[in-house]
Amino acid sequence: METVWFLLVAFMLVGYVVLDGFDLGAGIAHLFVARTNEERRMVLRAIGPVWDGNEVWLLAAGGTLFYAFPLLYASSFSGFYLPLNIVLWLLIVRGIGIEFRMHVDNGVWRDFFDGLFSIGSLLLTIFFGAALGNVIRGVPLTPDHYFFEPLWTDFRPGANPGVLDWYTFLAGIVALVALTVHGANYLAAKTNGDLERRSRATARGLWPLLAVLTVVSCVATLFVRPPLTKNYTEHPIGFLIPVAIAASLLVMFLSLRSGNDRRAFLSSCGYLVGMLGGAAYALYPSLLPSSNPVFGDITIYNAAAGSYSLKYGVIWWSIGMIIAIGYFVLVYRMFRGKVTLQTGEHGY
Amino acid sequence: MGLAPLIVVLKTIALRNGNQTYNNAARFWMKIFGINFVLGVVTGIPMEFQFGTNWARFSQMTGGVIGQGLVMEGVFSFFLESAFLGLFLFGEKRLSQLAHWWSGFMVFVGSWLSGFFIIVTDAWMQHPVAFTRLPDGSYQVSSFLGLLLNPWALIQYAHNMSGAVITGSFVMAAIGAFYLLNERSQEYGRIFLRVGVIAGFIFSALQIFPTGDLHGRYMAKHQPITTAAMEGLFRTEQGAPIVLLGQPDVEHQRIDNPIAVNKVLSFLIYGTTEAQVQGLNAFPKEDWPTNIPLLFFSYHIMAGLGTIFIAVMTLGVLFLWRNRLFTTRWLLWVIMLCLPFPYIANTAGWLTAEVGRQPWLVYGLMRTTVGFSSNVSAGNGMFTLLGFMGLYALLAIFFLFLVHREIEHGPGTQPNVEAQPITLAGD
C-alpha cells in the first residue's frame, strides 16, 4: 500500500510539473518573446483559462503527501521553512501578476504586472529545481527525522548543507532551462505571428544547452550521491528511463527543426516525465534521504499513515482524480487550438 | 462562497426570462467574484502548506485524519472549481446559455464543497470523532463516513455557509443602495437590492435559528468551559443570566458594568429558565481558554452584529414588500453603511471558534503548545510573519482599488474592460 501511495504522490508531482511547468515557462519567456501589449495579452490568453487549474495539482500533491506520509510532510515542510515560505510569496506575486494586469488600461500598470508575472515565474522555477536537488542530495536529518536548513551555508554539499549549494543551484538552472523550453514550445503551439516565431526560436536556441545540462546534472548526481544507482543496477529495466529522456530530446530537436510545435511540446512533456520519473525510480523506497549516514532516511515505511487511511484513501482518491482528469480533458478541449484576441470576451 | 449562489440566482433569472439585464448583472458580479477568487486562491495556497511549515508536530501526529479533509478539498473541489471558473469566465462566447449557466453552477458547487472539507477538518479539531490511536501516538481515521458526518461539522458548516451568504447579500444590497442613492445604474441597483435583501433576510434568520442556536447548544454540551468563557460566566449558576454588554475582569473573576438579562442563558441552552449552567469555577484553571477577554468580545461582536443584521434585513424585506424600499433613502443609507459588518461578524465568529478551543489544538487530545514546529526558530517565524503581513497589506490595497473600480465602472457596459475608458456615469 505504501508503494501505491508513493506512485500516486509521484504522479501528482509529475502532473504538476508538466502542467504548471508550461505556464511557468511561458511566464519566464513572457518579457522577451512577447514585446507588444497584444502579444503579451496573447500569452495570458494562452494560459489564462488553465493556469489556476494547473496550480491545483501542487495543492493536491501537497494534500496527498500530507495524508499518505504525514511525517514526510511535517519534516520537509518545516525543515525547508524559509525556501517554502519564499515559494508561497512568489506564488502570490505571480498569481496577481497574471490576473490583475488586465484590470487597468495603463502602460505602467501593465508593465508592473508583466514584471511580477515573469520574475515570479523565474524564481519559482529555480526554487522548485533546487527543492528537487535537495531531495536527491539528502538533508541533515536528526534521529527524530526532523531537520532545519538555512538558505545557504557554504557552497559545497556535505553533511550539513544549506538549501542552496552548487548541486542544488545546478538543479535550479536545469529546471529553469527545461521549463523555459517547455513553455516556449507551448506558446509556439498556441499562438501566431511574431510571438510564435520568437517562441520557437527560444526553444531552438536553448535546446543545445538543455541537452548539455541534462548530461551534466546526471553526472553531478552520481558524484553527489553514488548510492542512487542502486535501484538501477539491481533492476536494470530502469535504464529505459534515460533512454526515454534521450529519445524525447531527440524528437524535440527534430520537431523544432521541422516546426512541428505540437510534437515539440509533447516531447518536452515526455522529457519532464522522464527526468522526474528517473529521480523517483532512484529514490524509491526513500522519500527524503539523510545526508548524514549515521541516521536513516525518511522512507515510505516509516512515514506512512495508518493502514485504514491508506486502504480506503485509495478508493475515494482515485474516484476524485478520475473526475478531475475528466475536467481537465474538457477544459483543454474547450480551449484547444490557437488563441485569438477577439473582443467581447473576458479580460486579458 | 456567499456570492456564488447569488450569481447563480441572477443567471437563472436571466436564463428563464431571456433578460439581458440580469445577464449583465451576473457578469458584473462575476468580475467582482473573479477578483475575490484570485485573492482567495493566492492566500489560500499558503494555508495548505503552513500546516507543515509551522505546525509540524501537529501534522505528523494528525496527518492521517487532517490530511483527509485537505486532500479531499483539493481533489474534489479545487479541481472542479478552477476548471469551471475558467469556463465560466472565458467561455461565455463559446458555450451555450445553458452550458454557461451550468459552469456557473459548478463553480458554486465547487466552492461550497471546498468549504465543507475545510469545516470537516476544523470540526475534527473542535470535536474529534472517528479516530483511533496508533502505537506511535499518531491518529488515524477509523471511519471514513464518521469523519465526514461529524455532527459538529454539519452544524458548523450550516452556520458558516449561512454567514457567507449573509456577506454576499449585504455586499450586493449595499452596492445596489449605493447606485440608487447615487442615482445611477438604477435598474441594476434595484435588482441588487431585491436579490440582496431577500437572500439576506432568509440567511440572517437561518444564522440565528436554527444554525446558531444548535451550534451554541452543542458547544455548551461538548465544550462547556468555552461556553462559560464566551458568556463571561465565572461562577456556576442556577438560572444563569445572559450578559449583553460588559468587560470581563479575569483577575477578579467578574464582569464589569454588566448589562444582563436574568435566566436567559439557562433558557437558551437547556430550554428552561431554572437550569444550572456551569461557570468557569467548575473547571481547573489550566483548561480555561487562554485569552478570555478576546473570546468574550469576539463572541459578543458576532452575536450583536447578527442581531443587527436580522433587524436591518427584516426592515428591508418589509419595505420591499410595500414597494417603498427603493425610495426610502434613510433605509438605503443604513443598508449601504452595513457593508463592512458581515466581514467583521464572520471574522469574530471564527475567532470565537478558534480562541475558544484554546488551550487545545485538538480538543481534549493535544495542547497547542506541543503542536508547533520546534525545529523552526522564533526569528524565522517572525521573518515570515512580517513577510506575509506586508504582502497581505499590499493585496488588500489592490483588492479595494480594483473592486472600487468595478463599482465605479458599473454593470451593463461592455465586458471588455480594456477597451473602456474609466467612466463615472454608468447609465
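**Interface and chain architecture of the predicted complex**

In this predicted model, the contact between the two chains draws 58 residues from chain B and 58 residues from chain A. On the side of chain B that touches chain A, the elements that give two or more residues are α2 (20-54), α3 (56-90), β2 (139-141) and α13 (378-409) of chain B, and the largest share, 23 residues, comes from α3(B). By residue class, this side of chain B divides into 30 nonpolar, 21 polar and 7 charged residues. The predictor assigns the complex an ipTM of 0.88 and a pTM of 0.90.

Chain A contains 13 helices and 2 strands, and its C-alpha trace spans about 60 × 40 × 40 Å along the principal axes.

Within chain A, helix α2 (residues 37-47) is largely enclosed by the rest of the structure, because 9 of its 11 residues are buried. The buried residues of α2(A) are E39(A), R40(A), R41(A), M42(A), V43(A), L44(A), R45(A), A46(A) and I47(A), and they pack against α1 (2-33), α3 (51-68), α5 (81-100), α6 (107-137), α7 (166-190) and α8 (193-224) of chain A.

The peptide bond from Y284(A) to P285(A) is cis, with omega near 0°, and P285(A) is found in the loop between α11 (261-283) and β1 (286-288) of chain A. In chain B, the peptide bond from Q358(B) to P359(B) is cis, with omega near 5°, and P359(B) lies in the loop between α12 (341-357) and β7 (360-362). Positive phi values in residues other than glycine are found at H145(A), near 75°, and at A130(B), near 55°.

The mean pLDDT of chain B is 91, with 96% of its residues reaching 70 or more. Over residues 415-427 of chain B, however, pLDDT stays under 50, and the model has 23 contacts beyond four places in sequence for this segment. Where pLDDT is low, the predicted coordinates should not be read in detail.

How values were computed: Residues are numbered from 1 along each chain as its sequence is written. Chains are lettered from A and ligands numbered from 1 in the order in which they are written. This is a predicted model: local features need pLDDT of at least 70, side-chain atom pairs count only at pLDDT 80 or more; totals for chains, interfaces and linings use all residues. Two residues are in contact if their C-beta atoms, placed from the backbone, lie within 7 Å. Helices (H or I, at least four residues) and strands (E, at least two) are DSSP runs, numbered from the N terminus. Ala, Val, Leu, Ile, Met, Phe, Trp, Tyr, Cys and Pro count as nonpolar, Asp, Glu, Lys and Arg as charged, and the others, Gly among them, as polar. A residue is buried if 20 or more other C-beta atoms lie within 10 Å of its own, exposed if 12 or fewer, and partly exposed in between; C-beta atoms are placed from the backbone. pLDDT is the predictor's confidence in each residue, from 0 to 100.
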